[in-house]
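The tour goes stop by stop.

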Amino acid sequence: TMLECGSCRSKNVVNIVFKNSMDACCAALTWWAVGWALAYGGDTVTGGRNVFIGGGEFFLASSGHYPNTAFAGWFFQWAFAATTATIISGAIAERCTVKGYIIVSIVMTALIYPVVVHWVWSGAGWLSAFCDTTSFGRVGTHGMIDFAGSGVVHLTGGVGAFVGALIIGPRSGRFGPSEETAEEKQFRENRYRPHNQVLICTGTLILWLGWYGFNAGSTLMLSANASLIAAKVCVTTTLAAGAGGITTVLMSRMFMGHFDVNYMMNGILGGLVSVTAPCSVVEPWAAAVIGVIGGVVFYGFSRLLLKLKIDDVLCASGVHGACGIWGVIAVGLFATKENLVSAYGATDPTVYGLFYGGGGEQLGVQLLGIVAILVWVGALSALVFGVLKVTGQLRVKAEEEDIGLDRSEHGGGAFQLGSPRATPPPMNPLKVSPTAAEAEEGRIDVQDV
C-alpha cells in the first residue's frame, strides 16, 4: 500500500489505501467461500478433486472430519491470494472505478488465482510437484517447480495487471503525440511523477522484509531439515534482491543520466520476484545472477511499456509478470540435484537444471507452466475487464479523474495539513470540475500532483 501510494499522485492516495484494504477483505471472504475449495478442496469423504480444479470444502465445510491442520494452510494461502489481487491495483491506479475494481478483485481471488494454485501446488494438479501420482497424473518427472510463487502468484497478478492496463487505457494526458518537443515531453513526465519517494522506499523495504515470510515460510514447517532449507532460502532471497536493485540503479544512471530511486526500488522487487520460484533449489551464486537478470528484465520491460504507451502506473506487469516469467525459467536452468533432494525429497533425480547437466526436461515443464498461466489468466482477465469496459463500469469519468479519485469516490483527500488550500471543501455531488473562481481563490487544488 505504501509503495503504491507513493507512486501515484497525492489526489489519489485515499483511493489506493481503500482498494488495497478491500483486497484483503474481499480475499478473506472469497478464499473462505470458494477459493480454497477450487485450489485445494477435496471433500474428506467424497474426494471431489481432479487435475484441473478442486472441489469440496466450500466455506471450509466437509461431509467428513475436517483436519485441523488445514486451517494453518488456509490462513497462509489467503495472504497469497490477497497479494495477487493487489498487484493489479497498481497497474490501473488513478482511473478505475471502485465498483469495477472490487469485481476484478473478487473474480481474481475466487476463480482465476485458485485454479492456478490447484495446477501447481495442490496434491492433484497436472503441473504439481506435490501431486499424488498414485491417484492423479502430472506432467514431467517433478512437475513445475515454483517454491513460493514466481508463477503462481506473481505471473498471475502480472498478467492481470497487463491486461487491465491495456484495456482500461492510459490516464488522461499521460502520453502525448509523437511530434511533441523534448520540453513538452519532460513537462508531461514531471506531471505524472510519483508524489512521494519516501513512501516508495519505505514500502519497498517493508515488502523486502515480508518476502522472507513468503519465501522462507513456504517450507511450511521448521522441524527436521525444513529449518535449514528456510535459512538457505533467506540467503538466496537476500542476494537476489540486492543484485536486482544495484542492477537497475546502474542502468538508470547509464541510460537516463541519474541514479533513479524508483528504478532501484523496482529492481529490488524484480530480484525478489525472480528468485521466488527457485529460492530453495539454487545455490547462492545463482541467486545473485538471477537477481541481476531480473533487474535487466524489469528495466527492459518498463521501457517497452512506455514505448507502447501502455500506462501501468507501478509497472506491476514488469515487476511481477516479466520477472515472474524469468523466475520460473530460472528453475529449469539453475536447479541443482542436491537441492531437489533436500527441498522436494526427490530420490536420486536425473532431471534438474540445464546448466548442471540435468537435461532440458525441467526447463520444458517450466515453460509449459508459463504458457498455461498466460493463457488462463490472460483470457479470463480480458473477459472480466472487457465486460466492465463495455458496460461502462471500469473507468471513472474524465472530470472525476481530473480532480482525483479521493474526492470523487471518497469525499476528501489524504493529506489534511491545515492550510485552506490543502483542505478542499466537500465533493460537489454533481461531480463537476472546479470553477475558475474556486481555483483562483485557492479553495480547490486543481494541480495534478
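Select K309. At 38% relative accessibility, K309 is partly exposed (buried means under 20% relative accessible area, exposed over 50%, partly exposed in between, with a 1.4 Å probe and protein chains only). K309 sits in the loop between α10 (284-308) and α11. Helices here are DSSP runs of H or I with at least four residues, and strands are runs of E with at least two, numbered from the N terminus. K309 is not a glycine, yet its phi is positive, about 60°. Most residues other than glycine have a negative phi.

This is a predicted model, in which local features need pLDDT of at least 70, side-chain atom pairs count only at pLDDT 80 or more, and totals for chains, interfaces and linings use all residues. Residues are numbered from 1 along each chain as its sequence is written, and side-chain values use heavy atoms, with hydrogens and water left out.

Next, pick L60. L60 also has a positive phi, about 55°, and is not a glycine. Look for L60 in the loop between α2 and α3 (69-91). Is L60 buried or exposed? L60 counts as buried, at 18% relative accessibility.

Now go to A28, in helix α2 (residues 13-39). A28 is partly exposed, at 24% relative accessibility. Which residues does A28 touch, leaving out those up to four places away in sequence? The answer is W74 and W78 (contact means heavy atoms within 4.5 Å). A28 and A79 are 51 residues apart in sequence, but their C-alpha atoms are 8.6 Å apart in space.

**Helix α11 and its partners**

Colour helix α11, residues 316-334. Then select H320, which belongs to α11. H320 is buried, with 14% relative accessibility. Leaving out residues up to four places away in sequence, H320 touches I87, S150, H154, L155, G158 and V273.

Bring in helix α5, residues 150-168. The axes of α5 and α11 come within 7 Å and cross at roughly 140°. Axes are lines fitted to C-alpha atoms, for helices over the stretch in contact, and angles run from 0 to 180 degrees between N-to-C directions. That angle makes α5 oblique to α11. Under 35 degrees counts as roughly parallel, over 145 as roughly antiparallel, 65 to 115 as roughly perpendicular, and the rest as oblique. The crossing of α5 past α11 is left-handed. Left-handed means that the near helix is turned anticlockwise from the far one by less than a right angle; right-handed means clockwise.

Show the side chains at this contact. From α5 come S150, G151, H154, L155, G158, A161 and F162. They meet A316, S317, H320, G321, G324, I325, G327 and V328 of α11. By class, the contact has 6 nonpolar, 9 polar and no charged residues. Ala, Val, Leu, Ile, Met, Phe, Trp, Tyr, Cys and Pro count as nonpolar; Asp, Glu, Lys and Arg count as charged; the others, Gly among them, are polar.

Switch to helix α9, residues 261-276. The axes of α9 and α11 come within 8 Å and cross at roughly 40°. The two helices are therefore oblique to each other. α9 passes α11 in a right-handed crossing. N266, L269, G270, V273 and S274 of α9 make this contact with V319, H320, C323, G324, W326 and G327 of α11. The contact of α9 with α11 divides into 5 nonpolar, 6 polar and no charged residues.

Now show helix α13, residues 361-390. How do the axes of α11 and α13 cross? They come within 7 Å, at roughly 160°. α11 and α13 are therefore roughly antiparallel. The crossing is right-handed. On α11, select I325, V328, I329, V331, G332 and L333; on α13, select Q362, L363, Q366, L367, I370 and L374. This contact has 9 nonpolar, 3 polar and no charged residues.

**Last stop: cysteines**

How many disulfides does the whole structure hold? The search finds 0 (a disulfide is a pair of cysteine sulfur atoms within 2.5 Å). Select C315, which is buried at 8% relative accessible area. The closest cysteine sulfur to that of C315 is in C323, 8.5 Å away, too far for a bond. Finish at C8, buried at 0% relative accessible area. The sulfur of C8 is 5.8 Å from the closest cysteine sulfur, in C5, again too far for a bond.
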